[in-house]
Amino acid sequence: MLRVAPFLLSFAVLVYAFIDCLTTDESKVRNLPKLAWVFIVLLVPLAGAIGWFVAGRPRRERAAERRARFVAPDDDPEFLASLGKSNKEHEDMLKRWEEDLKQHETELHDEGPDPEGDGGKGDGRKGDGRAKD
């Protein structure tokens, strides 16, 4: 088993380097075109993979650069603009609802009283509603 371990390890490094090379954005690859790195990794297995990791793979961003990209919501002008837009949309929607409500109230008020005069509560008969013999 120990005799096979170096071959498995080099194969794993080769596969990882090959997949990493294929999935990396071409504009971020360093020193050579992406296609050249793919062929180097495949044709010169261990040395090509190590070369990819050392000279071809994009550099990692530093932690300070990553932290500088994050902006608090109250400092982000795009976020604040979206709040103002959303607030205006809600105000417009509220005005439309108020106008609709006023229109419905005036329509109900203009219909006037019931023609039978009972407010729509009965069938027009007086008494307790039981038939008399």
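Which residues in helix 1 meet which residues in helix 2? The close-up views below, taken from a predicted model, begin with that contact.

**View 1. Packing of helix 1 against helix 2.** From helix 1, the residues Leu14, Ala17, Phe18, Cys21 and Leu22 meet Lys34, Trp37, Val38, Val41 and Leu42 of helix 2. Helix 1 covers residues 5-23, and helix 2 covers residues 34-43. Their axes are 10 Å apart and pack at an angle of about 170°. Because angles over 145 degrees count as roughly antiparallel, helix 1 is described as roughly antiparallel to helix 2.

**View 2. The salt bridge between Arg57 and Asp20.** The closest N and O atoms of this pair are 2.8 Å apart. Asp20 counts as buried, at 13% relative accessibility. Arg57 is partly exposed, with a relative accessible area of 26%. The count of salt bridges in the model comes to one.

**View 3. A nonpolar patch on the surface.** The patch is formed by Leu35, Phe39, Leu42, Leu43 and Val44, which together have about 510 Å² of accessible area. One of these residues, Leu43, is found in helix 2. Leu43 has a relative accessible area of 66% and is therefore exposed, the cut-off for that term being over 50%.

Methods. Residues are numbered from 1 along each chain as its sequence is written. This is a predicted model: local features need pLDDT of at least 70, side-chain atom pairs count only at pLDDT 80 or more; totals for chains, interfaces and linings use all residues. Side-chain values use heavy atoms; hydrogens and water are left out. Patches are made of residues with over 30% relative accessible area and no salt bridge: like charges are joined within 9 Å, nonpolar side chains (Val, Leu, Ile, Met, Phe, Trp, Tyr) within 5 Å. Accessible areas come from the Shrake-Rupley method with a 1.4 Å probe; for residues, only the protein chains shown count as cover. A salt bridge is a side-chain nitrogen of Lys or Arg within 4 Å of a carboxyl oxygen of Asp or Glu. Helices (H or I, at least four residues) and strands (E, at least two) are DSSP runs, numbered from the N terminus. Buried means under 20% relative accessible area, exposed over 50%, partly exposed in between (1.4 Å probe, protein chains only). Axes are lines fitted to C-alpha atoms, for helices over the stretch in contact, and angles run from 0 to 180 degrees between N-to-C directions. Angles under 35 degrees count as roughly parallel, over 145 as roughly antiparallel, 65 to 115 as roughly perpendicular and the rest as oblique. Contact means heavy atoms within 4.5 Å.
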